[in-house]
Structure formats: C-alpha cells, structure tokens
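Dear colleague,

Please find below the structure that I am handing over to you. My notes on what was found in it follow directly after.

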Amino acid sequence: MCSKCKTIAIGNDATKCPNCGEPFSDYQTMKVDLKLRELELKKQDSGESFKEIEKRLEFTASEMGKIQKKIDNIDNILENQKNLKSRHDILERELNRLKHTALP
Ligand SMILES: [Zn+2]
C-alpha cells in the first residue's frame, strides 16, 4: 500500500505506486506480496474444503438412498405379511363356517 496516497498495488512486482508514482520500499512490496499469497492460500484451502464437504454430502446422500431402499423393502415385506395374515384369517373363518354348516 502506498504510504502517500494509500493506493493498494496488486501484483508481485509493484515497485512504485500505480496512482502517484511514489516508490515502494522493499518492505511495502513484501507486505503486499505476502498478503496476496495468504489470500491465494485461503482461496485454495476453502476450495479444497468445499470439495471435501461436497464429496461427503454425496456419500451421505447415497447412503441415505440405500437406507431408504432397505426401508421400502421392509415395508413391502410387512405389507405382504399383512396381506397373507388377512387372507389366512378369511380362510380360517370360511373353514370354520363350512365345518359347522356341512356337518349334519
Ligand atoms: Zn501513491
């Protein structure tokens, strides 16, 4: 940053202020350079974290999908058993009725 007009120079090779032409000291140039590198690293880091989170979310979604399939399967089995049970009950009632009406 320019000590005279406070303009911030972007770029690693800024040796003088792009606004007023005031020469930068090595220290000023170094500070800008470090700041840029820090921002670059932060950008990379958040990019990586985001990808990692995205991957984990994808994995979780696929696991949830698998679990949902299992639940659907169990629901189907329970539904089938309920149907079998009620068919069995109907047949049993019918059999009892026939036993009592068919016998003299
Ligand atoms: Zn300046």
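P23 is located in the segment that precedes helix α1, which covers 26-102. Helices here are DSSP runs of H or I with at least four residues, strands are DSSP runs of E with at least two, and both are numbered from the N terminus. Please note that this is a predicted model, in which local features need pLDDT of at least 70 and side-chain atom pairs count only at pLDDT 80 or more, while totals for chains, interfaces and linings use all residues. Residues are numbered from 1 along each chain as its sequence is written.

P23 counts as exposed because it has 11 C-beta neighbours inside 10 Å. Apart from its neighbours within four places in sequence, P23 is in contact with T15 and K16; contact requires C-beta atoms, placed from the backbone, to lie within 7 Å. K4 is 19 residues from P23 along the chain, and their C-alpha atoms are 9.8 Å apart.

Q68 belongs to helix α1. This residue, Q68, is likewise classed as exposed, because 10 C-beta neighbours fall inside 10 Å. Between the C-alpha atoms of Q68 and D33, which are 35 residues apart along the chain, the separation is 52 Å.

As for the chain overall, it contains one helix and zero strands. Its C-alpha trace spans about 120 × 20 × 15 Å along the principal axes. The radius of gyration is 38 Å, whereas a compact globule of 104 residues would have one near 13 Å; the radius is taken over C-alpha atoms, and the globule rule is 2.2 Å times the number of residues to the power 0.38. Of the 104 residues, 1% count as buried.

Yours sincerely

Key:
Buried ≥ 20, exposed ≤ 12 C-beta atoms within 10 Å, placed from the backbone. Contact = placed C-beta atoms within 7 Å.
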